[in-house]
Amino acid sequence: MEQFITFIRVQLEHPYYTTPVNKHINLTPTLETEKLMHRRGLLFIESVGGWEWLLRKDCPGFEADDVLELSMQTFDADFFRVTKLEEYHPQTFYQLKLDATERINVATSLEATDEKKWGAEFCRIRVKPTHEQLRRAQKDTPMSYVIGFQPLAFRWEYLFIIRDNKTENLGNLLLEETKNRIIFEKAERLENSPFGNNVWRTVSTVPVSALEFPDYKMILSTVIQENPLKKRTVSRFIECPQPGKYISDDPDIIRKVCYL
C-alpha cells in the first residue's frame, strides 16, 4: 500500500468569513497540474481549514520546469464588496506566486499578466516545487502557506424617509451606536431627493470595517432639547447597512434606507 505524506499546505484567511472559508472560496488544480500530479504521484485534498498536496513518501523529486497551479474562485456575490484589493480588474489574469514566504497578503501580492483568464477565476496560484520543499515534507515539517485577505472599510450612510402620514416631528434626528463605537454626523434634510421631500441623511464620521458589521446595534432618537440633551427613542431596531443592497454615488460609502 502506497504511503503519502503532506507536501504543501494552503490555507485561506478572510476576516469577513467564518473560518474555514472553503464554502466561500475554492481552490482547484488546473488541467495541466492534474496531469503533472499524476506523473509525480501527488494528490490534492481538502483538509481541516484549507487544502493539502499529498506526495508519495518515496517520491524521487521534481524536474526544473515543474509548476503546480491552482485556480481560485469565489462563490460569494459580496466578495468584491467586502475585500480590499489594489486596483483589481475582473477581466485581467492575475497570478499569486508561492515561494519562500509562507504568509501572503493578497492585496499587495497579486501580479497581472497578459495570459488568458480561465472562466470566473479570481486568480491563479503558482508554486514551483523544490528539493527543499521535498526535504521539509520528508521531515514532517511541510511548507504551510497562509493566503490572507483584508476586509474593506466603509462609511455608513443612512437615509431616513418620513412617511406622509407620520404626524410626529422627527426632523431633528440622532443616530447612535449603543456602545459609542461609531459616531454619526448631524442628520440633515435632503433637497430634491428621489425618495421624496421628507428625507433625512446622516453619515458615519469614520469608515467601519466590513468585519464589524454584525456586532453593531443602532438606536434612532429625536432630539427634544439640545442642552442639556433630552431625546425620545424613535426606533431601537435600526439595521446595519449591507454592501451592494443600496447604490451610493460614493464607492467608499454603503447606504441603508429606513422608512419611519
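Reader: What makes the pair Gln-95 and Arg-126 a polar contact?

Author: In this predicted model, the side chains of Gln-95 and Arg-126 are joined at 2.5 Å. The cut-off for such a pair of N or O atoms is within 3.5 Å, and 2.5 Å is within that limit, so the pair counts as a polar contact.

Reader: Why is Gln-95 called buried?

Author: Its relative accessible area is 8%.

Reader: Where is Gln-95, and which residues does Gln-95 touch?

Author: Gln-95 sits in strand S6, residues 93-98. Leaving aside residues up to four places away in sequence, Gln-95 touches Ser-109, Leu-110, Glu-111, Thr-113, Glu-115, Arg-124 and Arg-126.

Reader: Thanks! Now to Leu-55: why does Leu-55 count as buried?

Author: The relative accessibility of Leu-55 is 0%. With the cut-off at under 20%, Leu-55 is buried. This residue belongs to strand S4, residues 50-56.

Reader: What does Leu-55 touch, not counting residues up to four places away in sequence?

Author: Its contacts include Gln-3, Phe-4, Ile-5 and Phe-7, and also Arg-40, Gly-41 and Leu-42. Phe-62 and Leu-134 are among them too. As for Arg-236, Leu-55 is 181 residues from it in sequence and 57 Å from it in space, C-alpha to C-alpha.

Reader: What makes strand S2 largely enclosed by the rest of the structure?

Author: Strand S2 covers residues 25-29, and four of these five residues are buried, so the strand is described as largely enclosed.

Reader: How do you know that S2 and S5 pair?

Author: Pairing needs at least two bridges. S2 and S5 (residues 68-74) have five bridges, in the antiparallel sense, so they meet the requirement. In one of these bridges, Pro-29 has Leu-70 of S5 as its partner.

Reader: Why is strand S11 called largely enclosed?

Author: Seven of the nine residues in S11 (residues 153-161) are buried, and therefore S11 is largely enclosed by the rest of the structure.

Reader: Which strands does S11 join by bridges, and what makes these pairs count?

Author: Let's take them in turn. S11 and S15 (residues 208-209) run antiparallel with two bridges, and Ala-153 stands opposite Ser-209 there. The requirement is at least two bridges, so this pair counts. S11 and S18 (residues 253-259) run parallel with seven bridges, where Glu-157 has Arg-255 as its bridge partner. S11 and S14 (residues 199-203) run antiparallel with five bridges, and Phe-160 stands opposite Trp-200.

How values were computed: Residues are numbered from 1 along each chain as its sequence is written. This is a predicted model: local features need pLDDT of at least 70, side-chain atom pairs count only at pLDDT 80 or more; totals for chains, interfaces and linings use all residues. Side-chain values use heavy atoms; hydrogens and water are left out. Buried means under 20% relative accessible area, exposed over 50%, partly exposed in between (1.4 Å probe, protein chains only). Helices (H or I, at least four residues) and strands (E, at least two) are DSSP runs, numbered from the N terminus. Contact means heavy atoms within 4.5 Å. A polar contact is a pair of N or O atoms within 3.5 Å; within protein, one must be able to donate a hydrogen and the other to accept it, and residues adjacent in sequence count only if both atoms are side-chain atoms.
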